[in-house]
Amino acid sequence: MALRTNGRDKVSFIPFLIYNIRFTILILYPIVYFSSVGYSFYVYPFIDPFKMINCNIGVLIFPIILSAKISALGLSYSYRQQNEVVNGCTFQIITITSNDLKPMELHGEISAGDEAIACESEPADNTLKIVRHVFGKSNNLLNNAVYERKNDWLLSVDKFYPKVKVTPVSDNKYNLSVTGWEIVIRFRPQYYQKHRGLSYFNPSEYSVWKKPVVGWCSWFAYFDKITEADIKETADVLSEKLKPFGLEYLQIDDGYQTLPIGMPHTWLQPNEKFPAGLKNLASYIRSKGLTPGIWTNVSFADSADAFKNKALFVQDQQGNPALGNWVGYVMDGGNPQTIHQLISPVYQGLNEDGFGYFKLDALRHLKYEGYNSFKNYFEAKNIDRNEAYRNVVKEVRDKIGKEKFLLACWGIRPELVGLVDGCRIGNDGFSYAGLAQFNSYNNIIWRNDPDHIVLSEKEAYRSCTATSLTGSLFMLTDKPGKYKTSPLIEAARRTIPVLYTQPGQVYDVDPSRSALISQADAEMSGSGPRPFDASSSSSTTGLFELEINKPFENWIVLGRVDERDKALPFKDLGLDADKEYLIFEFWTKHFEGTFKKQFIPGKIDTGFNCEVFCFREKLNHPQLLATNRHISCGGFELKEVQWKNNSLFGVSQVVANDNYVIYIHENKGYNFSDIAVKNASVTANEKDGDIRRITLLSTGNNLVNWIVNYK
């Protein structure tokens with residue numbers, strides 16, 4: 001028997017009871033029975049399930065997404081499947097139900113591309129709200145799904161009743177095990193594009209930026225008073241104080257351009273505060289080992305040139321260049337001559353000047369006060385105003401190239417998905433809330449920018465912690481003198497570079513903003529945050545978890561930026577509640593102890609205003625607990641760690657002339673013998689309770705081999 005659908009019609013499947021020992025399910029791309037061509041699918045039950053002991057259900061499309069077996073010895077159960085299209089979103093569901101409510105087991109293998117992630121598909125009830133991100137392939141016990149980015153599908157198993165475990169076995173294979181009396185498998189093709197409402201998300205056409213984005217921006221340090229001398233001084237300081245730790249970009253913000261902003265020369269020929277010109281300044285920044293970045297916007301303020309070149313602008317009802325707040329005269333992205341004359345020269349010129357990072361501002365105002373407010377203009381010309389809007393950014397991307405980072409600013413820009421590498425998700429001012437409101441976008445859609453970090457007494461450690469643990473864009477914005485004299489520089493040094501992370505959840509911890517992104521097409525004012533922009537006020541959670549997966553070990557790091565959550569149950573973190581974990585607080589360098597089931601953290605040290613806990617499963621021999629180099633507690637710089645023949649061996653990438661501290665938990669029955677080090681010297685070796693603290697110092701940025709011997 002074969003069933004076929006075009007993906008729009010409801011398909012009726014014949015439910016039947018299966019009285020057998022097991023059967024095999026083959027789910028083929030992109031869902032049980034779902035084909036990439038015309039959304040058609042075919043189902044071929046080869047054997048009558050009522051007559052046979054073993055039933056094989058197969059699909060004649062490949063590659064296979066899920067191959068699974070049910071084990072239900074002596075049980076009877078029902079198997080049902082259906083396909084529904086609701087508001088343009090396809091839902092394909094299989095249910096397998098034990099008729100006497102006794103548990104069954106499903107074991108299978110999920111096949112996906114190399115951009116797939118194991119993740120959590122929906123939030124659980126009555127658990128902590130935690131923003132989860134992952135470095136490497138996730139082994140978290142909260143995972144119940146695999147999301148395949150390249151083809152934008154989500155395969156999940158409901159976990160309300162059954163126990164679900166998803167385990168990565170290679171870059172594109174995952175083992176799935178499910179135990180329960182009811183098993184519900186859901187397949188959602190075009191997950192972000194349709195189910196999440198991001199219509200421009202075509203992930204097969206672009207890749208997210210995978211390198212760290214760590215830098216400095218001039219805006220909050222100098223605002224528009226910035227000068228060439230300020231930039232050079234900053235380059236000197238950053239090169240010495242922060243570049244060795246992972247800072248790369250120095251971005252010039254508003255204040256260099258000629259006013260009023262207008263024709264290309266107002267961007268390319270700076271004002272008198274920059275006498276040597278932009279090319280010379282970019283060269284100076286590069287001479288310090290940094291990548292120069294620059295701010296521009298899509299506004300046009302010069303009325304004389306606007307009226308002289310009316311055809312290049314959106315026109316109002318009187319035939320004059322349309323004028324909007326914040327954006328000035330509205331450049332017409334639907335006119336090829338506008339692109340050729342007003343956009344291309346600016347970004348070709350800045351690219352040739354040597355800039356490698358571009359912050360493109362006022363985009364919300366071009367869309368709201370510009371194209372949305374004058375939609376009749378585009379309708380009269382039969383031009384899609386979103387495509388006209390994208391044309392502007394497409395030209396910027398084309399002229400700077402794909403190898404240069406492009407940041408959209410400010411507010412969520414769903415129309416620019418696929419064109420920009422990063423997006424400032426909220427208003428001016430660091431947004432903790434935004435990290436929970438768009439956590440599922442980060443490094444799937446683009447790199448989230450929570451805005452610049454000011455190293456203040458109150459916020460330095462908190463904002464650096466949250467940014468780093470979420471794998472977000474990391475931009476400092478203090479005057480350079482602070483980096484020469486303030487101990488707060490340690491907050492930045494220990495949190496950079498930012499690891500390339502992916503979300504552990506494909507839902508937003510706080511969905512209140514992302515659920516409203518379709519309203520962007522209706523807005524006519526960008527003066528202040530819109531309901532779908534990230535909030536800069538109170539946040540939904542103060543917990544940010546980073547799961548570290550290295551070839552030699554898996555562990556988690558949990559940032560706590562406030563005290564609202566008094567207890568941390570291990571099951572809510574995705575840890576095994578039946579195992580013991582060693583817990584180490586990174587900022588205070590305090591060993592909290594060994595815990596099972598849960599951990600109660602207590603008061604936050606006011607010297608840091610946040611906490612970072614490292615959770616490592618306790619082993620029966622001495623083990624590495626943490627290092628001081630990076631907030632990931634070794635996730636960044638450790639290349640190898642192993643226990644063999646009563647020795648703990650490791651390889652670490654260290655920073656020249658920076659004390660590198662290794663913290664080791666020593667079990668009873670093991671006595672320290674000696675330590676051997678290559679490419680560094682041992683400057684301290686101390687024991688406090690169960691923790692040994694070994695300090696190494698290298699005069700170069702070296703790979704350091706160390707081995708601690710026991711007897």
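**Asking how we know**

Me: Where is Trp326 placed in this predicted model?
Reply: Trp326 sits in the loop between β20 (323-324) and β21 (328-329).

Me: What makes Trp326 count as buried or exposed?
Reply: Its relative accessible area decides that. Trp326 has 61% relative accessibility, and exposed means over 50%, so Trp326 counts as exposed.

Me: Where is Asn609, and what is its phi near?
Reply: Asn609 lies in the loop between β33 (598-599) and β34 (611-617). Its phi is positive too, near 60 degrees, and Asn609 is not a glycine either.

Me: Why is Asn609 called partly exposed?
Reply: Asn609 has a relative accessible area of 22%. Buried would need a value under 20% and exposed one over 50%, so Asn609 falls in between and is partly exposed.

Me: Which residues line the centre of the second largest pocket?
Reply: That pocket holds about 540 Å³ of space. It has 28 lining residues, and those closest to its centre are Asp254, Trp295, Asn297, Trp326 and Asp361. Trp326 is therefore both an exposed loop residue and one of the residues closest to the pocket's centre.

Me: How do the lining residues of the second largest pocket divide?
Reply: They divide into 9 nonpolar, 11 polar and 8 charged residues.

Me: How do you know how many disulfides there are?
Reply: Two cysteine sulfurs must be within 2.5 Å to count, and by this rule there are 0 disulfides. For Cys217, the nearest cysteine sulfur belongs to Cys409 and is 8.8 Å away. Cys614 has its closest cysteine sulfur in Cys633, at 3.9 Å, so that pair is too far apart for a bond.

Me: Are Cys217 and Cys614 buried or exposed?
Reply: Cys217 has a relative accessible area of 0%, and Cys614 is also at 0%. Buried means under 20%, so Cys217 is buried and Cys614 is buried.

Me: What is the peptide bond between Cys409 and Trp410 called, and how do you know?
Reply: It is a cis peptide bond, with omega about -5 degrees. Trp410 is in the loop between β23 (405-408) and β24 (422-424). Another cis bond joins Ile496 and Pro497, again with omega about -5 degrees. Pro497 belongs to the loop between α14 (489-493) and β27 (502-503). Most peptide bonds are trans.

Me: Why is helix α12 described as largely enclosed?
Reply: 10 of the 10 residues of α12 (residues 460-469) are buried, so the rest of the structure largely encloses this helix. Among them are Tyr461, Arg462 and Leu469. Gly471, which follows α12, has a positive phi, near 65 degrees.

Me: What makes Ala68 count as buried or exposed?
Reply: Ala68, in strand β6 (residues 64-71), has a relative accessible area of 1%. The limit for buried is under 20%, so Ala68 is buried. Ala68 and Ile110 are 42 residues apart in sequence and 8.5 Å apart in space, C-alpha to C-alpha.

Me: How confident is the predictor?
Reply: The mean pLDDT is 91, and 91% of residues reach 70 or more. Over residues 1-62, however, the pLDDT is below 50.

Notes:
Residues are numbered from 1 along each chain as its sequence is written. This is a predicted model: local features need pLDDT of at least 70, side-chain atom pairs count only at pLDDT 80 or more; totals for chains, interfaces and linings use all residues. Side-chain values use heavy atoms; hydrogens and water are left out. On a 1 Å grid over the protein atoms alone, a cavity is a set of points where a 1.4 Å probe fits but cannot get out, and a pocket is an open set with protein on both sides within 12 Å along at least five of seven lines; lining residues have an atom within 4 Å of a point. Grid points are joined across faces, edges and corners, and a volume is the space filled by probe spheres set on the points. Ala, Val, Leu, Ile, Met, Phe, Trp, Tyr, Cys and Pro count as nonpolar, Asp, Glu, Lys and Arg as charged, and the others, Gly among them, as polar. Buried means under 20% relative accessible area, exposed over 50%, partly exposed in between (1.4 Å probe, protein chains only). pLDDT is the predictor's confidence in each residue, from 0 to 100. Contact means heavy atoms within 4.5 Å. Helices (H or I, at least four residues) and strands (E, at least two) are DSSP runs, numbered from the N terminus.
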